[in-house]
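User: Could you take a close look at one part of this model for me? I'd like a connected account, with the cut-offs spelled out.

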Amino acid sequence: MTKLDRLKSLLWLRWHYLMANKVLLYLCIGIPIGYFLPISFIPQYQGKLLFLNFVLNFIYSMTSGCFVSIMVSEEKKNLRTLILAGVTLKEYIISIIIFPFILSIGSCLIFPFLIRVSLPNWPLYLFIAIGTCVIFILANLSIALFTKNQTQATLFGFGITMIALVLAMLPDFVRNTYLSHLISLSFVGANTNIFMNSGHLALTDISILAMLVWIVGLLILTRYAFIWNRKNHA
């Protein structure tokens, strides 16, 4: 079986699993999008950048985060079969990323228009959105690969969600230099700072550099988690 054939098989497996799992569809897609879609039409929430920041962090947490951790933790029993079939880390990550990535990026494209937020730098906004999505996906993928069962993966994934939401809300209530540095260095720092600065952010900003460091670090951690599973399940 060629690499392309294996990737197609993996994508078909993911699609079939997604369509068959109604609970996952409701929890990771129905709740975040179904909840914020009606709220986005309420006048007092429209035009507010920080509200969009909160919305996107929640959607990223669910569609890019919990979606991945639940799916991977449930299929860990099939991981041995996938490894024996010759599935590589690259193929596995691509098959995991593609559907939650499409859902998350689709949301980040639609919600600015729904909330009527004007973004002066769309390329930078999309760059940060893609980076943030990748961080949530890799973090939850690593969690799912390291944890023993779905319950543990869900709990740790929920912890990441809560941290992301708190960091998204803090700038609206607390103005503090040390807190600003902490947020900038966090995994949602770039996503928060671009909204704090009305859509303007330099490419050399510490939060963007931190985002790239997070992605590289999580790629290394994910690779180690995959190797660890291969040793323990092969």
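Analyst: Happy to. A polar contact here is a pair of N or O atoms within 3.5 Å; within protein, one must be able to donate a hydrogen and the other to accept it, and residues adjacent in sequence count only if both atoms are side-chain atoms. This is a predicted model, where local features need pLDDT of at least 70 and side-chain atom pairs count only at pLDDT 80 or more, while totals for chains, interfaces and linings use all residues. Residues are numbered from 1 along each chain as its sequence is written, and side-chain values use heavy atoms, without hydrogens and water.

Let's focus on Asn 57. This residue sits in helix H3, residues 49-84; helices are DSSP runs of H or I with at least four residues, numbered from the N terminus. The relative accessible area of Asn 57 is 0%, so Asn 57 is buried (under 20% relative accessible area, with a 1.4 Å probe and protein chains only). Its side chain makes a polar contact of 3.1 Å with the side chain of Asn 191. Beyond neighbours within four places in sequence, Asn 57 is in contact with Phe 136, Ala 164, Leu 165, Ala 168, Val 188, Asn 191 and Thr 192.

Ala 168 leads us onward: together with Phe 54, Met 169 and others, Ala 168 is part of the lining of the largest pocket. H3 and helix H6 (150-173) each supply at least two residues of that lining, and the largest share, 4 residues, comes from H6.

Key
Buried < 20%, exposed > 50% of the residue type's maximum accessible area, 1.4 Å probe, protein only. Contact = heavy atoms within 4.5 Å. 1 Å grid on protein atoms, 1.4 Å probe; cavity = no way out; pocket = protein on both sides within 12 Å on 5 of 7 lines; lining within 4 Å.
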